[in-house]
Amino acid sequence: MMSRGYFPCLLIKKRGSVIIFYELVEEGGTCLKGKTDHIRNFCIIAHIDHGKSTLADRLLEYTGVLSEREMKDQVLDKMDLERERGITIKAQAVRLEYKGYELNLIDTPGHVDFAYEVSRSLAACEGALLVIDASQGVEAQTLANIYLALEHDLEIIPVINKIDLPSANPDWVKEQLMDIGIDVEGAILASAKDGTGIEDILDAIIKYIPAPENTIDSPLRALVFDSIYDAYQGVIAYVRIVDGQVKPGEEIKLMSNNKVYEVDEVGVFKPDMVKTGILSSGEVGYIIAGIKDVKNCRVGDTITSAQNPASEPLPGYKKIKPMVYSGLYPTDNADYGLLNDALEKLQLNDASLTYEPETSEALGFGFRVGFLGLLHMEIIQERLEREYGLDLVVTAPSVEYLISLKDGEILEIENPADFPDVNNIEKIEEPYVKAEIFLPDEFVGQAMELCQQNRGEFKDMQYIDENRVRLVYDIPLSELITDFFDHLKSRTRGYATLDYEFIGFKESKLVKLDILISGEPVDALSIIVHADTAEAKGRSLVSRLKKLIPQQMFEVPVQAAIGNKIIARVNIKALRKNVLAKCYGGDVTRKRKLLERQKEGKKRMKMVGKVEIPQEAFMAVLQRDEDE
Amino acid sequence: MKMNKDTLGLYLHIPFCQGKCRYCDFYSVNFEQALLEKYLSYLKKELLSYSILLQGKGRKVELETIYFGGGTPGLLSAEELAQVLDLISQEFSLSPLAEVSLEVNPSSLTGEKLQAYRKSGINRLSIGVQSFNDRELSFLGRRHDAREAREKIELAGRYFDNYSIDLIYAIPDQELADWERTLQQAIQLSPYHVSLYSLQIEEGTPLASSLAAGEFEETDNSLDAEMYLLARQFLRASGYEHYEISNFARNGYQSRHNRLYWEFRPYLGVGPGSHSFMGGERFWNHADLSLYMEKLNQGELPVQERIQLSREEQMAEMVFMGLRLLEGVSLTEFYKMFNVSLTEYYAREIEKLQSQGLITIGNDRISLTEKGLLLGNLVFMEFLP
C-alpha cells in the first residue's frame, strides 16, 4: 500500500495575499494533483427508510472522518427538518480517505420533487451504491433512480442493507435485482446499523467504480450539483471538476448566463470545508467566487474559465419550473414584511423557490409561491413557521392552468381567484403527469379505481416480478396534489409507491368552485375542479368546513357555488356557552393559562368579514372523504 | 415576601380520598389514617412557618376566612380538626366572625360527627352532592346515592345554619328534564347556598380517558346553556341571588372565602398543591405529598413556583376575576389600586365587548350581561395582556 498524505503548501495570489492549503502528496514527495487514478466519485441511491443516511454515517465513521463521539446522528443531513423527517433536501458532499484513495461521496435528495437535483448529482459521479432494504425490496423510487443512474453510465454496486433484521430476505432481493437487469455478482450484504459489510463496501468502491478521466489540460468545466448561500462568503458552489483545473485568483464564468467572477477559495468537504488551493479534473469540492445570489449559480450549470473558456457546456442544464403553487399569508397582517424577508432568505439557498406578491380580499397581503412539488411546499412552509417563527395561512395548492380566451389571448393562471369570466373562455388546459405506481398485485384493483376516480388515463401495466406490478397512468397533476398519495397508501396497506413526471398540458372541462361564508365569497377558498365532480366536491367541502370553523357568536351559513348557482349549504350553529365554571381552589394562574390558550387559538385565526376562520380551513380542500 | 397588613383568607388542602371521583383533578392520595396523622404534623409545621414569616412587630396576621378543601377534609375527625383550628387561633388572629368552611361528602356524615365539627369551630359546610340522579352519580364516580344525599343534607341542617351544596350539570346523557328534577330537589331542601358547575373533562382524569375511548360524547354547548339558564331562572325564583357565574346564595350567605378570590384579595394556601396570593405574587406548593413533607423536613417552604405578576397582569386578573361576580368590578376600586381608569385603559376592548352585547357599564361598575355570563371566556380573554 502506498502512503499518501496531505501536506501544507503555499500559494501566492495575484493580489499578493498568501493562502496556505493542503495538498495530497505521495511518499517521496510526488504531488498527486492532476492525477485521477486515486479518485472515486460515488453517490448512494436508496428509497426513504432503506438506510441511506445511516450507511453514509458508517462510511464516515469507518474512514475516520468523524469519530463516533463527534457524530450527531446522520451528519450529512444538516437541517433539523432533514434529520427529523429522515429525508435529504439539499445535496451534500464529503471526501473520505481510505487506503490512500480519495473517495467522494455525494449524498442526493431522495424525493421525486427533487428529481432534477438528483440527476445532476448522479452526473457528477462515476458510480453508485444501490442500497436496498433486505426485507422491503426494490421500490418505485429506487427503480426510477436506478434507471437514472444507468442513463448516466454509472457503475452500480448493490448493497443489501439491514440484513440484521429477522425479516431480511437477501435472496429475494437479489432475484428482484436480476429481474431488472442488475448484476448481483458483487452484491454486498450489509447492516449499516451494526457495521457489517462497511469494509467490503469501501473496497468494492475502489475495485469496481472507475477512476475519473484525467483531462487536466482541457479548458475548465465544472458541474454545479448544488449551491448554498452563506452570509459571509456568498454562494458556495458544490462542484465536480469534469475538465481542467481551477485556483483562487482565476476568473471563472457561468456558462448559462456568462457572468464572470474571481475565485476567492476552492476546497473540499471533510465534511467541513477545507481549503486546498486547487481543484483539478476528477475532483469534487467547492468554489467560492463572490457570487451574491444562488440564482446566478444554479444546479446543473457549468463553470468554465473566463480566459480560456470551454466551447460547450456540460449537457443537461435546465432551469426548473415550479409545478405546484399556493398562497402564503401571514395570520397577522403586520407580519407581511417578515414573510417577505424570510422568503428572500430561503430563496438565497433555493433557486427553485419562486414567489410574487398577491392580494386576497379575505386574507390581505401575501405571496403566491411556486414549489417543485408537495414535499417541497411542506418543507418551505415548515421552515417559515419554525425557523422564522411565522404564523401562516396557506391556501390549497394549485397548478398552473393555460386558459385560451375567445379573443385569442392565452392566460397562465396559478391562482383560482384570477380565473377569468367563464363566458370569455375558449378552452382550458391543465398539466398532466405520467404516474408510475409500484404495488403488490393484490391491490391493483383498488389502485386502478383510485386512479380512475382521479381522472387517470390507463397507460400500461406490467409484472416486475412474480407478484409486483407497475401501473402507469396519465393523470392531471391537480388530482395528485390533493391527498392522492395518502389514499393510495391506505388502499394498499402502505405497499404502493408513487413516482411521477410532468408530460405536458391537456384540455379539460374545468370550473371554478366558490365558497361563500355568511353570504360572502371567500376568494382564498376558491378551487378549480372538473365539471363532473364539482357538485360532490362542493358538498364535501362545505361539510368539512363545518367541522373546521369553530362556532361563532352567531349562526354562520357556508355555501358552495359555481357561478351564481348554489350547489351545497350547511349552517354552523351559534356558540351559546363558553365560560370557565370552576374555582380551582384559588388557582388563578391555571385559569389565566386556559384563557391565554383560548386567546392564542383565536389569534391564529383569520378574520374574514366577521367570521373567524382557522388556518386549517384554507387547506380543507386538500383532504377528501373516503365516502365521497 | 412582602409583609401584608391586610386580612387574609386561609385555605387548607387535605389531600386524601377514599377513592377518586372520575372527573376530579385535584391532588389527592389514598386515605390511610397513619399517613393522615403524619401529614397533619407537617401541615402544622407549614402553618407555623407562615405565622412567623407573616407577622410583623408582634402583630399577628388577621384571618377573615378559613376553608378546608380537598381531597376529602371530611375524613378528618372532629378532634383532628379542632387541633388544627386551635393552632390557627394561637398563631393567627382569628376574628370571632370569621367564616370557617369545611368540604364534606354526604357519605361520610353522621349526626355525631356533625355535632363535633360544629363544636370544633366549623361554622359552614360545603356538601359535595353533585346530583340527585343515581345514574349521574355513578357516572361521576360518587360514593353516595340520591337518597343518602337528601338524608345527609337534612341531617346537616340540624347542626349547621350555613351550608352550601355543589351540583354538576351538562353530564353526558343528562337531559334538560333530569336537570330540572335535580334542581327541584335541591330547592326543596332549601340550602343556604348553591354552586353549579358545568362538567369539565380535565386532562388526565378517568373521564378524559373514557371520552378519548369514545365511551360518551361531551354535552353540546347549546344544551349546556339551556341548563344554565334554567337553573338561573329556578334559583332566582326561589329567592336565591345569582351573585357569581357559578354561585347562588340566600341573602347574607354568599361564600366569603371564595369572594376573596374574585375580589383580588390576598389568601394563603397550605398543604400540597395549594395556591396563595399576596403582595401581587402568586405561588403554589408542590402537588406531591412526599416532596411536600421532605421540603418541610429540610426547613424549607414547600413552594414549587412563584410568579410576581406584572402591573398589566394584575390589572387583567382583577378585571377577569371580578367580572365573575354579577355586581362586576368597581371602577373606583380599580382606579385606587392602579391609578389608572379602567374604561380608558381598556377602551378598545370595552368598546368591542359592548358592541357584542357581552358587558355593560353603569353605577361605577363594569359587569357581564346575561349573554356575557354564558360567554364569559370571550370577555375575560380580551383583558389579558
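This is a predicted model: local features need pLDDT of at least 70, side-chain atom pairs count only at pLDDT 80 or more; totals for chains, interfaces and linings use all residues.

**Chain A as a whole**

- Chain A is built from 14 helices and 35 strands.
- Of its 628 residues, 58% count as buried.
- If you take the contacts in chain A with a separation of 6 or more, 68% of them come from residues 24 or more positions apart.
- The accessible surface of chain A is about 26,400 Å², and carbon and sulfur atoms hold 48% of that.

**Where chain A meets chain B**

- On the chain A side, 27 residues are in contact with chain B, and on the chain B side 44 residues are in contact with chain A.
- Polar contacts link 19 residue pairs between chain A and chain B, counting pairs with both residues at pLDDT 80 or more.
- The chain A residues on this side split into ten nonpolar, six polar and eleven charged.

- Arg324(B) sits in the loop of chain B between α11 (311-322) and β15 (329-330).
- Is Arg324(B) buried or exposed? Arg324(B) counts as buried because its relative accessibility is 1%, and the cut-off for buried is under 20%.
- Beyond its sequence neighbours within four places, Arg324(B) contacts residues of chain A, including Leu580(A), Ala581(A), Lys582(A) and Lys591(A).
- Its contacts in chain B include Tyr243(B), Glu244(B), Trp262(B) and Phe380(B).

**Ser398(A), in a chain A loop**

- You'll find Ser398(A) in the loop between β22 (392-394) and β23 (401-405) of chain A.
- With a relative accessible area of 6%, Ser398(A) is buried.
- The side chain of Ser398(A) reaches the backbone oxygen of Glu414(A) at 3.1 Å.
- Ser398(A) and Ser326(A) are 72 residues apart along the chain, yet 6.0 Å separates their C-alpha atoms.
- Leaving out residues up to four places away in sequence, Ser398(A) touches several others, among them Met323(A), Arg368(A), Pro416(A) and Ile481(A).

**Salt bridges within the chains**

- Over all chains, the structure holds 49 salt bridges.
- In helix α8 (residues 374-387) of chain A, Arg386(A) and Glu382(A) lie four residues apart, about one turn of the helix, and they form a salt bridge with the closest N and O atoms 2.7 Å apart.
- Both partners are partly exposed, Arg386(A) at 41% relative accessible area and Glu382(A) at 23%.
- Helix α12 (residues 534-548) of chain A holds Glu535(A) and Arg539(A), again four residues apart; in their salt bridge the closest N and O atoms are 3.7 Å apart.
- Glu535(A) is partly exposed at 37%, and so is Arg539(A) at 46%.
- Over in chain B, Arg265(B) and Glu263(B) meet in a salt bridge at 2.8 Å, N to O.
- That pair belongs to one network, in which salt bridges with shared partners join Glu64(B), Arg259(B), Glu263(B), Arg265(B), Glu327(B) and Arg365(B).

Terms used. Residues are numbered from 1 along each chain as its sequence is written. Chains are lettered from A and ligands numbered from 1 in the order in which they are written. Side-chain values use heavy atoms; hydrogens and water are left out. Contact means heavy atoms within 4.5 Å. A polar contact is a pair of N or O atoms within 3.5 Å; within protein, one must be able to donate a hydrogen and the other to accept it, and residues adjacent in sequence count only if both atoms are side-chain atoms. Ala, Val, Leu, Ile, Met, Phe, Trp, Tyr, Cys and Pro count as nonpolar, Asp, Glu, Lys and Arg as charged, and the others, Gly among them, as polar. Helices (H or I, at least four residues) and strands (E, at least two) are DSSP runs, numbered from the N terminus. Buried means under 20% relative accessible area, exposed over 50%, partly exposed in between (1.4 Å probe, protein chains only). Accessible areas come from the Shrake-Rupley method with a 1.4 Å probe; for residues, only the protein chains shown count as cover. A salt bridge is a side-chain nitrogen of Lys or Arg within 4 Å of a carboxyl oxygen of Asp or Glu.
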